[in-house]
Amino acid sequence: MGVGLAYHLGHEGWGEDTVLLEKAELTSGSTWHAAGQITHSTSSFGLGKCVDYNIGLYSGRLEAETGQPVTWHGCGSFRLAYTEDEMDWLRHTLSVGRSLGFNIELVGPEKVAALHPFYNLDGVLGALHTPDDGHVDPTNVTMAMAAGARQKGVRIIRQCRATNITQLPSSEWQVETEKGTITCEHVVNAGGTYARQMGEWSGLQLPMTSMTHHYFVTDEVPEFQDFETELPVIRDDKKVSGYIRMEQKKGLIGIYEKENPNSVWHDHCPWDYENWLFDPDYDRVMPYLEESLNRMPIFADLGIQRDVHGAISHPPDGNPLIGPAPGVQNYWCCCGTQIGIGWGPGLTRELARWMVHGAADISMREFDPRRFGSYATKDWQVVKAKEDYCLRHEIPFPHFNRLAGRPIKPFPLHELLQSKGAVHEEVYGFERPRFFAKGIEQRDHYSFNRTSVDDMVTAEVKAVRDGVGIMDVTAFTKVLVEGPEAYALLDRLTANRMPQKSGSITLTHMLNRAGRIELETTIVRMAEDRFYLVCAAFFEQRLLDHLNHQRAGEDVAITALSSDWSALSLNGPKSRDVLAACTDADLTNASFRWLSAQEITVAGHKVWAFRMSYAGELGWEFHMPHAACLDVYTALWAAGEAHGIVDYGSFAMNAMRMEKGFKGAGELTNEVTLAEADVPRFARTDKEYLGRDKTLNTDLPWVCSYLEIEPDGKADGHGGEAVMLNGQVVGSTASVAFGPTVGKILAFAYIKPEAATPGTALEVLIHGSPRAARVLGEPAYDPESLKPRMDAS
């Protein structure tokens with residue numbers, strides 16, 4: 001990871017300014033014992049871009065550039081499926097792969113047998129074949145990237161351990177080492193298994209835990225001696241929980257056991273850890289090792305020539321930490337990566353672009369180190385890392401709910417809503433209801449296809465559309481910005497016009513210096529010098545950092561209220577009737593207009609009421625201290641019973657925002673400008689703000705379009721699917737959801753401008769099969785937005 005970043009910083013123009021410190025020899029940490037495999041078989045659109053770049057780099061470009069051998073084995077690979085759920089996973093991965101232009105196909109067992117005649121395929125239904133995959137020698141590829149970095153002017157200092165990292169009053173960073181002190185503008189933590197304890201030097205909490213992983217190399221395999229080609233890598237998630245491949249004329253078996261995983265160094269990785277391995281623990285892996293011999297009978301009578309049991313970093317959710325560290329400026333994370341060979345170069349290229357140009361070229365939301373908060377304690381990190389390890393070779397179902405270590409950040413309504421059947425999800429530590437259904441098991445909604453949960457979501461949507469629903473939205477980020485220069489600071493950081501009067505509400509975007517979207521936020525002007533900002537939960541630290549780092553001496557106070565304030569959302573044509581029974585406030589349009597805010601009294605508590613609706617209905621949000629939340633909810637619920645009030649969750653909220661054509665976090669990413677996101681109405685041309693000129697650029701490589709897709713009653717899609725025009729891929733979906741009110745699958749997709757004209761007929765590849773689609777020019781539901789503006793009758 002460190003060498004990969006140095007290499008790419010060199011390619012982005014910072015080579016002569018970059019120093020890489022290695023405490024021992026390059027590759028002496030976790031790199032040297034990596035199996036070195038890499039595959040196009042990923043359902044993550046962002047990681048897919050990374051692995052495709054990496055394979056191209058390993059398979060030719062890097063050696064041609066540096067003259068250093070890389071030892072690329074382009075043997076291809078198969079991922080096997082034994083169940084229909086696994087087949088659905090492969091079908092979805094195929095759709096994502098097609099959108100990225102991969103050489104990828106779904107094949108039957110006969111194709112696997114033709115290319116891999118030694119594997120026992122009993123029970124196999126099919127496989128995903130990715131023929132451009134392979135594996136690489138970890139040491140050679142690291143040394144080649146080091147050579148490429150040096151060619152660009154990077155200085156690599158070996159046998160030089162860093163001993164401390166502190167920030168100076170000048171905001172520069174001071175790195176103390178065994179050979180002296182370096183003062184620098186930017187510092188990057190690429191410490192591998194040491195990264196967490198290195199972060200503590202600077203007061204940072206970087207969540208990751210070292211987990212130990214086994215692979216085994218057999219004696220030479222007689223059947224391989226005269227074999228002229230290298231066998232494809234086999235990824236067998238169900239039976240082996242790992243991978244099997246050739247290692248020269250031997251066999252290699254890698255296992256991720258699914259219970260009792262082993263974590264080490266909870267507090268401190270020993271500084272003398274170099275080429276260190278742990279003794280094998282055969283008891284832990286024996287069921288999978290035995291099954292691997294059953295699947296590869298030619299290994300059964302061979303001995304184990306070498307066992308490799310080494311430590312690898314696992315963050316709580318399995319995704320690496322790539323990007324700015326929370327709460328500080330110009331301290332970057334390049335760590336927590338469990339698959340450094342497979343993911344590293346692509347991710348470090350994006351980090352280099354982020355550092356140099358202000359934005360990466362892929363969405364970094366799932367990798368941003370700021371996605372965790374102070375709740376991510378060391379004990380919790382261990383629990384989540386063990387969970388992640390056990391899920392390494394499980395089906396990555398959409399919306400898979402990782403339950404270990406929860407709840408970590410309880411809130412006032414959690415137990416009450418759970419007693420009413422809420423199935424919760426964790427969002428930045430908060431528990432947010434997904435849907436309500438008493439008696440349902442968590443796994444009942446794990447599928448790539450439609451399930452009974454979709455019927456429950458449909459019922460929640462219908463109840464809101466026809467009557468009234470209430471949702472706990474406490475997980476929203478809530479930040480107060482106040483002071484004599486609060487307006488000035490926010491005005492130069494927001495693309496839209498700021499709210500001009502007290503009680504006004506504006507939806508706007510903050511951009512980075514590359515003109516791309518940093519985040520979307522709602523700004524409520526509570527008073528002349530007091531502004532309340534609300535955005536998605538996982539952007540809390542990102543918002544705080546952006547505000548603090550972009551300050552130019554303005555006299556403002558910035559306060560995070562998310563952990564102290566709750567929020568409720570009341571939506572539907574009966575919402576005014578419900579609220580009127582709980583407050584003396586005048587709720588007519590004349591006194592409480594659309595997109596305005598007032599402090600009102602509900603159930604004896606002062607709360608801020610915002611007349612706005614993510615559901616696209618008449619509605620209000622209520623923001624208040626935690627102590628008021630239960631009383632306010634109880635009062636609204638009691639008043640709503642006469643109107644058939646229902647609880648609803650995030651699944652219904654998402655379906656309704658898709659019906660209304662509201663873009664969300666899946667569309668508004670660091671990859672795109674406001675013009676590319678097709679939200680030009682939020683980009684003012686009559687004011688100056690960060691990123692203004694670049695976001696107004698109309699030379700668009702893609703544009704976010706709104707699609708309706710014909711349903712088949714079975715599968716709706718999950719994002720990343722290929723979009724095609726006349727049989728040619730022109731883009732991919734960002735968000736997909738079934739719209740119960742309109743009876744169509746709805747999607748946002750980034751596609752080529754020539755395909756984005758409303759009315760254009762397209763196809764979307766869902767689960768490997770094309771579906772008819774059409775570009776829409778207006779929201780599928782209430783296109784004139786009359787419902788949110790309803791007046792009292």
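This is a predicted model: local features need pLDDT of at least 70, side-chain atom pairs count only at pLDDT 80 or more; totals for chains, interfaces and linings use all residues.
**View 1. Helix α11 passes helix α16 in a right-handed crossing.** Residues are numbered from 1 along each chain as its sequence is written, and side-chain values use heavy atoms, with hydrogens and water left out.

Two packed helices are described by the angle between their axes and the distance between the axes. For α11 (residues 452-466) and α16 (residues 650-659), that comes to an angle of about 65° and axes 9 Å apart. The axes are lines fitted to C-alpha atoms over the stretch in contact, and angles run from 0 to 180 degrees between N-to-C directions. On the α11 side, Val453, Val457, Glu460, Val461, Val464 and Arg465 meet Phe651, Ala652, Ala655, Met656 and Glu659 of α16; contact means heavy atoms within 4.5 Å. Sorted by class, this contact has 8 nonpolar, no polar and 3 charged residues. In that sorting, Ala, Val, Leu, Ile, Met, Phe, Trp, Tyr, Cys and Pro count as nonpolar, Asp, Glu, Lys and Arg as charged, and the others, Gly among them, as polar.

**View 2. Now zoom in on arginine 465, which sits in α11.** With a relative accessible area of 7%, arginine 465 is buried. (Buried means under 20% relative accessible area, exposed over 50%, and partly exposed in between, using a 1.4 Å probe and protein chains only.) A polar atom of the arginine 465 side chain lies 2.6 Å from the backbone oxygen of alanine 615. The arginine 465 side chain also makes a polar contact with the side chain of threonine 741, at 3.5 Å. A polar contact is a pair of N or O atoms within 3.5 Å; within protein, one must be able to donate a hydrogen and the other to accept it, and residues adjacent in sequence count only if both atoms are side-chain atoms. Leaving out neighbours within four places in sequence, the residues touching arginine 465 include Pro573, Glu617, Met656 and Tyr781.

**View 3. Helix α5 covers residues 138-151.** The expected span is 1.5 Å times one less than the number of residues. At the start of α5, a side-chain oxygen of aspartate 137 comes to within 3.1 Å of the backbone nitrogen of threonine 139. After α5 comes glycine 153, with a positive phi near 100°. Among the buried residues of α5 are Val141, Ala144, Met145 and Ala147. What do the buried residues of α5 pack against? They pack against α1 (2-14), α2 (45-66), β7 (134-136), β8 (155-157) and α8 (340-357).

**View 4. Threonine 66 belongs to helix α2.** It is buried, at 10% relative accessible area. Its side chain reaches the backbone oxygen of leucine 62 at 2.9 Å. Threonine 66 and alanine 144 are 78 residues apart along the chain, yet their C-alpha atoms are separated by 6.4 Å. Beyond neighbours within four places in sequence, threonine 66 is in contact with Ala144, Ala147, Gly148 and Gln151.

**View 5. Tryptophan 354 has its place in helix α8.** Its relative accessible area is 8%, so tryptophan 354 counts as buried. Not counting residues up to four places away in sequence, tryptophan 354 touches, among others, Ile322, Pro324, Trp332, Met364 and Arg513.

View 6. A cis peptide bond joins arginine 406 and proline 407, with omega about -5°. Proline 407 is in the loop between α9 (378-390) and α10 (414-419). Threonine 71, in the loop between α2 and β3 (72-73), has a positive phi near 60° although it is not a glycine. Is threonine 71 buried or partly exposed? Partly exposed, with a relative accessible area of 34%.

Conventions: Helices (H or I, at least four residues) and strands (E, at least two) are DSSP runs, numbered from the N terminus. A crossing is left-handed if the near helix is turned anticlockwise from the far one by less than a right angle, and right-handed if clockwise.
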